[in-house]
Amino acid sequence: MNIVLLGAPGAGKGTQAAKLVEDCGLCHISTGDILRAAVKNQTPLGVKAKGFMDAGELVPDDLIIDLMKERIQQPDTEKGVILDGFPRTTTQAVALDTMLAELERPLNAALLIDVDFEVIVKRLTSRRMCKECGHIGTAADAQCPACGGEMYQRDDDNEATVRNRLDVYEKSTAPLIDYYRGCDLLVTIDGDRDVDVVYADVKQALGL
């Protein structure tokens, strides 16, 4: 099973992806992880990508596609993949369709974890992280529940930054949602509920 994972920052995509990986043996692939691994391993594509990254430029679509193709053919993807952070544009989505067709591994679904933006703003601005162990808690935690360390708010969890990230997401991803709806692949799940309830719906929607 091959899935594209869609959803705003803070919608809970990572949590649902982790459950699918654990239960179904799917391989969770994020663009950032692929780029970092390719650069670290100094693969020919990684060396090319590093040139753009070092210059502070976006890695071009065709290079991302080539990296993705290389990654999807590795042994740990046999049971299927969850693509996270890719595609980011309809151009990338079309290229992905072509690539998967060539590999005879078509996309089964584009899974959208949908949460109201105001809920996400409240969720992320109340998030706190432990300076000692990295535990993620909430503003209600005076001390880390895991190790007793000091809790703090990350710079990117302030309201202005969160709203900006959501604005960027909406502009870039809205066309993608329409694209997959047009392909009859879009599966929308209400993410503003208990994690396990959301996951039960995800499994049912995907026929698992």
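**Cysteine site and salt bridges in a predicted model**

User: Where is C133 placed in this predicted model?
Analyst: The model is a predicted one.

User: Which residues does the UniProt annotation "binding site" cover?
Analyst: The annotation comes from an unreviewed UniProt entry. The residues it covers span 18 residues in sequence, yet no two of their C-alpha atoms are more than 8.5 Å apart, so they gather at one spot. Among the contacts of C133 are C144 and C147, and C130 also touches C144 and C147. The annotated residues are C130, C133, C144 and C147.

User: Is C130 buried or exposed?
Analyst: C130 is found in strand 5 (residues 127–130). Beyond its neighbours within four places in sequence, C130 is in contact with residues including H135, G149, E150, M151 and Y152. Buried means under 20% relative accessible area. With a relative accessibility of 2%, C130 counts as buried.

User: How many salt bridges does a search of the whole structure find?
Analyst: One of them joins R154 and D156, at 3.3 Å from N to O. Another pairs D167 with K171, at 3.2 Å. The search of the whole structure finds 15.

User: With which residue does D157 form a salt bridge?
Analyst: D157 is buried, at 1% relative accessibility. The closest N and O atoms of the pair are 3.0 Å apart. The pair links distant parts of the chain, 30 residues apart, with D157 in the loop between strand 7 (151–152) and helix 7 (159–182) and its partner in strand 5. That partner is R127.

User: What separates D167 and K171 in helix 7?
Analyst: D167 is partly exposed at 32% relative accessibility, whereas K171 is exposed at 62%. The two are 4 residues apart in helix 7, so their separation is about one helical turn.

User: Which residues do salt bridges that share partners join into one network?
Analyst: R154 is partly exposed at 24%, and D156 is partly exposed at 29%. Both belong to the network, which consists of R127, R154, D156 and D157.

How values were computed:
Residues are numbered from 1 along each chain as its sequence is written. This is a predicted model: local features need pLDDT of at least 70, side-chain atom pairs count only at pLDDT 80 or more; totals for chains, interfaces and linings use all residues. Side-chain values use heavy atoms; hydrogens and water are left out. UniProt positions are given in the numbering used here, feature names are shortened, and annotations may be inferred rather than shown by experiment. Buried means under 20% relative accessible area, exposed over 50%, partly exposed in between (1.4 Å probe, protein chains only). Contact means heavy atoms within 4.5 Å. A salt bridge is a side-chain nitrogen of Lys or Arg within 4 Å of a carboxyl oxygen of Asp or Glu.
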